[in-house]
Every structure is written in C-alpha cells, then in structure tokens.
Amino acid sequence: MSLGYAEKLSYREDVGTVGMSEIFDPNHLLQQKIEQLALMIEESKHLVAFTGAGISTSCGIPDFRGPKGVWTLQRDGKGVPEASLPFHRAMPSLTHMALVELEKRGILKFVISQNVDSLHLRSGIPREKLAELHGNSFREICPSCGVEYLRDFEVETVGLKITPRRCSDVKCNSKLRDSVLDWEDALPSKEMNAAEKHCRMADVVLCLGTSLQITPACNLPLKCLRGGGKIVIVNLQPTPKDKRASLVIHGLVDKVVAGVMQLLKMQISPYIRVDIFQVVFYQFRCVSERKYAKWSLRITSVHGERAPLPFIKSVEVTFPERPELKSAILEKQPFLLKREMLKTRPFKMVLKVNFSDGCGCPFTSIEFPVNFQKQTDSIIQDKNVVLQKLKDTAMQDECCGQFSLVEKKILSGLKKEIATYAGTTNLVRYCEFTSSKGFGDVKWVGKRERKEVNVKDRSKLVDYFYRLEHQEEDLKKNEEADLILVHRVSDAP
C-alpha cells in the first residue's frame with residue numbers, strides 16, 4: 001500500500017475496526033496448523049488466494065489496520081507512517097513468490113488481491129490469473145479501447161481520473177485514466193466477475209493478510225462454501241469471517257507460507273528486477289552550418305519522454321578520449337545535455353547512470369559512440385530473450401548490475417537515434433525455512449545491511465529481504481516467535 005495512495009483518497013471517517021492487538025499462535029500450535037494447511041493445499045483441486053495488505057508489510061509497505069497501520073495512526077492523530085523504501089522500489093515478499101511457484105505448478109488457479117502495489121504482477125503472476133479489485137497504482141487504462149499500461153512509476157492520481165498520457169495506438173490516442181478506486185467507486189465488473197467465478201469453483205480459498213472488513217470484496221471467499229469449499233484465514237488479527245473458516249492461523253504470513261512450502265518440498269525462486277530506460281541522441285538540422293553539429297542527449301523513460309524515471313537519480317557524462325571536452329552532471333529530469341561540436345571528429349561518451357535508493361546496484365556505465373560522418377545501423381533483438389539472459393546471468397553471478405542493449409532505432413530522416421537498455425537492479429533470494437526448533441541467535445542490524453545468523457542446521461537458513469522494522473520489534477518481544485530473517489541485497493561486483 002502506498003502512503004501516497006492513502007493520502008490521495010477522499011476523506012472517510014468510518015474505515016472499519018482498526019488497531020486491534022496482534023495474536024500469535026503458540027509455536028507448537030502454529031506448526032500443527034501449518035502442516036494442516038500444507039495438506040489442504042496438496043489435496044486441493046482449485047486453490048484460490050485472496051490477499052490483503054498483510055502480505056506486503058514485509059516488503060516495507062505499511063498496512064491499514066494493524067497496530068501501526070495507516071488508518072490506525074490517522075485515528076490517533078499521528079499521520080501516515082513512514083515507509084522503509086520508495087513505493088516504486090518495493091519488491092515481492094516470500095509469500096508473493098511462493099504464490100508464483102504454486103501457480104507455475106498448476107496448484108494455484110487464481111489470485112484475488114485488494115492491494116494496489118502491483119507486487120503480484122511484478123512477482124510473475126499472469127495478468128489473466130489475477131483480479132486486482134481495488135486497482136493498481138502502477139497501471140493506466142485506456143477507456144476507449146481497453147488497453148492496459150503497466151508503469152514503473154506510480155501513477156499520479158486515484159479515483160479513475162485522467163492522467164497526463166494518451167493511448168499509444170495512433171488510431172485511438174484517447175486520454176488514459178488511472179485504475180485505482182476511491183472510496184465511492186464501484187468495483188470493476190471485469191475483475192469482480194472473474195473473482196466470483198473462481199471463488200465459486202474453489203475447494204480452498206486461502207485468505208492471506210487481510211482483515212476481511214471491506215465490502216463487497218470481503219464476502220467473496222464465502223462463495224466457495226455453497227459448493228463445499230473451505231476457507232483458510234492467515235492473519236495476525238481476528239476477522240469477521242473467522243467463524244466461517246475451516247482453519248484460522250494467527251501468525252506472520254511469510255512464516256506460515258514458508259513452512260508450507262518446505263513441507264510441500266517446493267523451492268521458491270529468486271526475484272530479479274529488471275529496469276529499462278532509453279538514451280535518445282538527436283542532431284539538430286542546420287542548413288547554413290556545415291562545420292559544426294548541434295546535438296542533444298536525453299535519458300528517458302520507455303513510457304515516454306515526459307514520463308517519470310524514478311529509479312535514476314543522476315547521470316554523469318564524460319568524454320574519456322577527448323579530455324578537452326567538458327564533462328556534465330545531469331541531476332534531475334529531464335536528463336538532458338546539449339552541445340555543439342565539430343562534425344569531422346568522432347567521439348565517445350561514457351554515461352554513468354546513478355540509480356536511486358532501493359536499487360541493489362549503485363550505477364551502471366554505458367559507452368555511447370558518435371560519428372557524424374557515418375550512419376550506424378538499427379539493432380533489433382528479441383526483448384524477452386535479452387531479459388531472460390540478464391536474469392540468468394544475475395542468477396549465475398549471484399548479484400545484480402548486468403546491463404544490455406535491447407534495441408537501437410535509427411531514424412535517419414530525423415537524425416535521431418534511440419537506444420533502449422535493460423538491466424538487473426535487484427536480486428532477492430528466498431531459501432529454505434522451518435518454523436520448528438533448531439535455529440541459533442539472530443543479530444538484528446540495520447535495515448539495509450546483511451544479517452548474519454548462527455544456524456545449527458545450515459539447510460534451514462532463510463535468505464530473505466525483510467525490511468519492516470515494527471515487525472522486527474514485535475518478533476523480539478514475542479518469546480514464541482522463532483522466525484529467522486536474513487536481509488540480503490545483492491550488489492554489483
């Protein structure tokens with residue numbers, strides 16, 4: 001959940017019950033319930049996941065109704081809580097990635113989410129198997145032709161309002177709208193119909209990290225009961241639907257899901273984030289001037305030259321083979337450099353692209369040669385192949401920071417070159433985990449440092465990017481909790 005999203009919503013006094021105390025099942029009972037849930041999932045024929053804000057708190061995104069949730073703090077006059085990282089850099093939790101693994105194996109048939117953080121899509125859940133009931137802060141929709149645009153930046157508005165961009169289809173060109181609902185907006189029929197259909201078909205609806213208070217979404221899991229299905233609720237607070245559930249588990253969602261995945265002998269794949277940007281080089285037309293060339297260099301978003309580029313902090317431009325040329329530091333958007341130079345002398349620029357907070361690698365360097373006397377050729381590669389190679393390399397190197405040219409378009413008539421680059425900017429691993437005994441002590445350190453643990457059995461090591469500080473504090477206070485968390489952000493070598 002985005003803090004910006006909460007602030008953009010219209011005011012509403014009644015937001016349901018907030019601030020209830022969190023409940024932790026005793027360790028032995030929790031283990032029994034995890035085993036029971038694993039068996040239910042293994043035997044299920046049509047498993048549906050119904051998710052709420054609680055599955056994203058370990059990603060650094062505050063929830064709404066927890067002890068330190070957005071609505072809870074606003075009720076107490078404390079304003080919105082602080083997020084541990086920029087919203088656009090939030091990465092999927094262990095639970096998000098476990099759901100992806102269950103979907104790949106054909107066990108999980110559909111995901112219904114009340115979240116607007118786009119983490120299900122980022123993790124790899126196919127769009128056709130996902131209903132985002134309240135919208136997506138990173139998705140725009142064309143109201144005319146229905147095309148969806150998934151962005152790497154948070155869309156500026158909520159409430160299905162018009163945004164600054166238009167549909168890229170030249171035949172349409174309609175103004176786009178955001179997809180996030182405000183309080184009074186009706187749930188989108190397309191999403192709601194798919195959710196209802198799968199809930200009716202489900203033999204197990206797994207509710208993860210949701211208070212089940214917001215109607216009509218909270219009534220969807222109940223639709224499985226008529227066909228003999230069962231409801232499972234995993235949440236730290238009681239919900240109004242607990243009495244209708246076959247199993248209620250009071251524990252951290254990541255801890256429960258990790259235990260289930262271990263019992264099912266399923267390994268959770270790493271999350272590798274790939275970001276894309278463009279370098280646009282343009283030579284101005286100048287009929288009278290033959291000796292000099294005026295040109296511009298711009299680093300832009302793939303979503304348009306005016307679209308935000310939140311993961312880039314600054315760009316340093318140098319000319320290593322031409323020391324007499326002045327270097328430049330572009331510190332904010334638009335990252336634009338204009339120069340005038342002799343046409344007869346080729347040169348090479350080195351672009352040091354510095355990434356923003358939340359990226360696992362601090363920068364990347366790109367060589368960009370320029371020759372006004374010689375026209376270069378376009379380069380078109382299969383984007384999916386390039387991205388997969390980058391991910392494979394990141395896995396092999398066990399770090400992020402690999403970048404590659406995806407394509408280069410030469411618009412000779414306009415004397416314009418557009419080069420698209422892609423690179424891995426985050427790598428998160430999720431290794432084996434157990435909720436039973438056998439762990440050593442945990443050393444709680446800074447939220448962006450690596451955590452070291454002593455483990456009696458190394459096969460039980462959890463390597464997980466876990467950032468939310470108030471959960472760490474709660475765990476330390478709870479003697480029953482034995483969750484082992486290891487933060488690891490892989491940096492470029």
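**View 1. Helix 4 and helix 7 pack at about 35°, with their axes 9 Å apart.** Helices here are DSSP runs of H or I, at least four residues long, and strands are E runs of at least two, both numbered from the N terminus. The axes are lines fitted to C-alpha atoms over the stretch in contact, and the angle, on a scale from 0 to 180 degrees, is taken between N-to-C directions. This is a predicted model, so local features need pLDDT of at least 70 and side-chain atom pairs count only at pLDDT 80 or more, while totals for chains, interfaces and linings use all residues. Residues are numbered from 1 along each chain as its sequence is written, and side-chain values use heavy atoms, with hydrogens and water left out. On the helix 4 side, look for Leu94, Thr95, Ala98, Glu101 and Leu102; they meet Val253, Asp254, Val257, Ala258 and Met261 of helix 7 (contact means heavy atoms within 4.5 Å). By class, that makes seven nonpolar, one polar and two charged residues.

**View 2. Helix 7 (residues 253–263) is mostly covered.** Nine of its eleven residues are buried, that is, under 20% relative accessible area with a 1.4 Å probe and protein chains only; over 50% is exposed, and in between is partly exposed. Among the buried ones are Lys255, Val256 and Gly259. Their packing partners are helix 2 (27–43), helix 4 (94–104), strand 8 (204–208), strand 9 (230–234) and strand 10 (247–249).

**View 3. Leucine 37 sits in the largest nonpolar core, which has 41 residues.** Such a core is a set of buried Ala, Val, Leu, Ile, Met, Phe, Trp, Tyr and Cys residues joined through side-chain atoms within 4.5 Å. Leu37 is one of the residues touching the most other members, as are Ile41 and Leu102. Skipping neighbours within four places in sequence, leucine 37 contacts Leu206, Val232, Val234, Leu247, Ile249, Val256 and Val260. Another core, of 37 residues, lies apart from this one and includes Phe277 and Ile366.

**View 4. Four cysteines carry a UniProt "binding site" feature (unreviewed entry): Cys142, Cys145, Cys167 and Cys172.** UniProt positions follow the numbering used here, feature names are shortened, and annotations may be inferred rather than shown by experiment. The four are spread over 31 residues of sequence yet cluster in space, with a largest C-alpha distance of 9.0 Å. Cysteine 145, in the loop between strand 4 (139–141) and strand 5 (148–150), is partly exposed at 38%. Cysteine 172, in the loop between strand 6 (162–166) and strand 7 (175–178), is partly exposed at 23%. Leaving aside neighbours within four places in sequence, cysteine 172 contacts Cys142, Ser144, Cys145 and Cys167.

Definitions and conventions:
Nonpolar A, V, L, I, M, F, W, Y, C, P; charged D, E, K, R; others polar.
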